[in-house]
Amino acid sequence: MITVCENIDRLITVESRLPSLPRGIAHLLYYAVRSNEEPLTYQIASEMKKRIEDNRDSTFTVGIFTGVWDPKWLPNGENDGPIGAVVLGKALYLAGAEVKFFVEKEIVPVMKALCTKLGVPATFIPLSREDDYENESIADELNGAVFIEKIGPSKEGVYHFASGLARGEHHDAPLELLLNKLRDNGKVTVGIGDMGNEIGFGKIYDEARKIHPFGEICKCKNPDGLVTKLATEYLLPSSISNLGAYGLAAAIALLTENLDILHKPEDELALIHICAEMDCRDGGFGKAHHYVDGVQDRSIAAYVRLLQEMVTMYFNVEERGF
């Protein structure tokens, strides 16, 4: 299983990225986290599996936080994050967890449509952009949390786009108090991201600042870099945040030996099309079309197909006759 997860991790860190975005950093961020330990998807999937099994007498409730919002550029959110959240949410649900989604209020309709497509029973809770303490109180109802493509503040308190530009006053909901409370109470926290400005990368703050082109000097008024200060217990860097979620879902399918958990290429295409129809935009071009982070839908579906094959092949016991 570890060998399969090794290959999963390699695949989800393979970049296909526009020249307008920072390139050549996904694998560097990944190995800054991993050091010489087991593959990250194996570590995280093992922890999630253990936590779910330890809570068989009650319910292991996981909060999935996602959704980048901007009134001008991303009025109904970005499709990198929400799609991955729903795919991972389905995996955790089929593994035995209760799943709740926490998103910016503008993204709730998109999340509902995506969950309906995949048949994921879930609760959708809008986050507050005004009240940190309202968000902090969410921690009491969770046993763990996953943050997928959810931007966090730098040490200067600035929320950044991947380009190094400041988000300005229209940033996402503040989640620092929530994250701190989860960690202080021993609840598992996972960050999945692709650039270093997403919640979780505070775990490798110093390393990420050196790796990202805008890690130490960004493009805002206080140019102290875009890397967030918010750290999670586990961190999974990937070339596209959705791919990180798919890789983790594949590892959960592998460890639980439940192939129904695996994401399917045809579902991926359908989810991307739903986002385009609802003006949930591709962050690579800033358009509502059939791309994610600048990569066309058929290419993303090919990643999904390879992940599916890696896991299903592990359970194939057929032997050749020579």
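## Rings, charges and a helix crossing

Let's start at Tyr314, which is partly exposed because its relative accessible area is 38%, where buried means under 20%, exposed over 50% and partly exposed in between (1.4 Å probe, protein chains only). Bear in mind that this is a predicted model, with local features needing pLDDT of at least 70, side-chain atom pairs counting only at pLDDT 80 or more, and totals for chains, interfaces and linings using all residues. Residues are numbered from 1 along each chain as its sequence is written, and side-chain values use heavy atoms, with hydrogens and water left out.

On to the aromatics. Searching the whole structure turns up 6 aromatic pairs; rings of Phe, Tyr and Trp (its six-membered ring) pair if their centres lie within 6.5 Å, with planes under 30 degrees apart counted as stacked, over 60 as edge-to-face and the rest as tilted. Phe65 and Phe147 make a stacked pair, because their ring centres are 4.9 Å apart and their planes sit at 20 degrees. This pair ties together distant parts of the chain, 82 residues apart: Phe65 is in strand β1 (residues 61-66) and Phe147 in strand β4 (residues 144-148). Strands (E, at least two residues) and helices (H or I, at least four) are DSSP runs, numbered from the N terminus. Phe65 has 0% relative accessibility, so it counts as buried, and Phe147 is buried at 0% too. By contrast, Tyr314 and Phe315 are edge-to-face, because their ring centres are 5.0 Å apart with planes at 90 degrees. Phe315, at 28% relative accessibility, is partly exposed.

Gly63 touches Lys100, Phe102, Leu142, Gly144, Ala145 and Val146, leaving aside residues up to four places away in sequence; contact here means heavy atoms within 4.5 Å.

Rings meet charges as well. Arg129 lies over the face of Trp69, 3.8 Å from the ring centre, and the charged end of Arg167 sits over the ring of Phe161, 5.2 Å from its centre. The test is NZ of Lys or CZ of Arg within 6 Å of the ring centre and within 35 degrees of the ring normal.

The contact between them is made by Pro82, Ile83, Ala85, Val86, Val87 and Lys90 of α4 and Met111, Leu114, Cys115 and Leu118 of α5.
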